[in-house]
Amino acid sequence: GGDLMVKKLYRQIQEWPANARGAMACEAVNALALSPVLEALLKVDGIASKFKFRQVKAAAAKALEFAAGQLGITREELSDRIVPDLGFNERMERVFDYGARSFTVSITPELEIQVRDQEGRKLKNMPAPGKRDEEDKAARAYEEFKAMKKQLKTVAASQKQRLELALSSGRMWKKEDWMHPFAIGLIWGIYKEETLTGSFRYMEDGSFNTVDEEELELPEDAVIGLIHPIELSKEERDAWKEQLEDYEIIQPVEQLDRTVYLISEEEAGQKAVERFEGVILNDLSLIGKMQALGWYTGSVQDAGCFFTFYRADGKVLP
């Protein structure tokens, strides 16, 4: 159906379950998964990672599992493969040639677009073709830029969601499978048997930097994961924060500034944490925020009440 149908179908998938048409939404998810339009599979991946309605989320996960099985790879590997590079090189740069002049577009650590002219000056946006440019070449480059910019919104939203999920679920990558083109601005860890052995940052020039700003050579057998701040000491967190501030980098997802709660000695032997008991919250606001983070409400009890939220990270069971 093309790009237009993908957008229409995705909008309906969001609306149907709310109107007791979950089964129809599930079939629509399967249709999206069959589309040759890359954005369609990205949207299915997003639904499988986080969606308000469990039935539809499970259908998306099942569709991705089937597609991954056909390719002989895991679902996580499929999710990595479907992320388009949008024509950018390893340094996340792409040149648009107008003939008489050219412009370099780069993706910032915040996953936003930055445009520079041939002299390296920052521009607010890509300029429209002018009289001195080669008409056909410039027009084609300008249209390619607009198409890329539009697609980047979908890719950036998908990547931020996947990074958030990787941070909270502790996902690991082998070095050759690691998604480093979108890794700038985040702090990564090298793990051995799920134990953190070192941390680093991926630099704009493709190199790796330690917390002491020394260049790092990643081992060929490195297992890489997105570091959760609970794994770092206060001194390490502060050192990484200082380095990001020095480079004026804003993280694309909340990582180092994420609030960490530690169990106290008194709580260690208890079956429940009661330090937040008595805090009053708006119920609808709480439900909305929890669902936005991929949590679901537990089974409904008498009088329409429920008492639990839960989230399943990993493979969805049938």
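**Figure 1. Residues that join helix α2 to helix α4 in the predicted model.** On the α2 side, Gly22, Ala23, Ala25, Cys26, Val29, Asn30 and Ala33 are in contact with Gln55, Val56, Ala59, Ala60 and Ala63 of α4. Sorted by class, this contact between α2 and α4 contains nine nonpolar residues, three polar residues and no charged ones. Helix α2 spans residues 22–34 and helix α4 spans residues 54–71; their axes come within 9 Å and cross at roughly 25°. Because angles under 35 degrees count as roughly parallel, α2 is described as roughly parallel to α4. The crossing of these two helices, α2 and α4, is right-handed.

**Figure 2. The crossing of helix α2 with helix α3.** Helix α3 is formed by residues 38–49, and its axis and that of α2 come within 7 Å, crossing at roughly 135°. The two helices, α2 and α3, are therefore oblique to each other. The crossing in which α2 passes α3 is left-handed. Val29, Leu32 and Ala33 of α2 make the contact with Ala40, Leu41, Val44 and Ile47 of α3. By class, seven nonpolar residues take part in the contact of α2 with α3, with no polar and no charged residues.

**Figure 3. The packing of helix α1 with helix α2.** Helix α1, residues 2–15, packs with α2 at an angle of about 150°, and the axes are 9 Å apart. Since angles over 145 degrees count as roughly antiparallel, α1 and α2 are roughly antiparallel to each other. Helix α1 passes α2 in a left-handed crossing. The contact involves Val6, Leu9 and Ile13 from α1, together with Ala25, Ala28, Val29, Ala31 and Leu32 from α2. This contact of α1 with α2 has eight nonpolar residues, no polar residues and no charged residues.

**Figure 4. The second largest pocket and its lining.** The second largest pocket holds about 380 Å³ of space. Its lining consists of 17 residues, and those nearest the centre of the pocket are Ser106, Pro109, Gln114, Arg116 and Glu204. Strands β2 (102–107) and β3 (113–116) each contribute at least two residues to the lining of this pocket. Strand β2 gives the most, with three residues. By class, the lining of the second largest pocket comprises six nonpolar, four polar and seven charged residues.

Key:
Residues numbered from 1 in each chain as written. Predicted model: local features only at pLDDT ≥ 70, side-chain atom pairs only at ≥ 80, totals over all residues. Heavy atoms only, no water. 1 Å grid on protein atoms, 1.4 Å probe; cavity = no way out; pocket = protein on both sides within 12 Å on 5 of 7 lines; lining within 4 Å. Points joined across faces, edges and corners; volume = space filled by probe spheres on them. Helix = DSSP H or I, 4+ residues; strand = E, 2+ residues; numbered from the N terminus. Nonpolar A, V, L, I, M, F, W, Y, C, P; charged D, E, K, R; others polar. Axes fitted to C-alpha atoms, helices over the stretch in contact; angles between N-to-C directions. Parallel < 35°, antiparallel > 145°, perpendicular 65-115°, else oblique. Left-handed = near helix turned anticlockwise from the far one by under 90°. Contact = heavy atoms within 4.5 Å.
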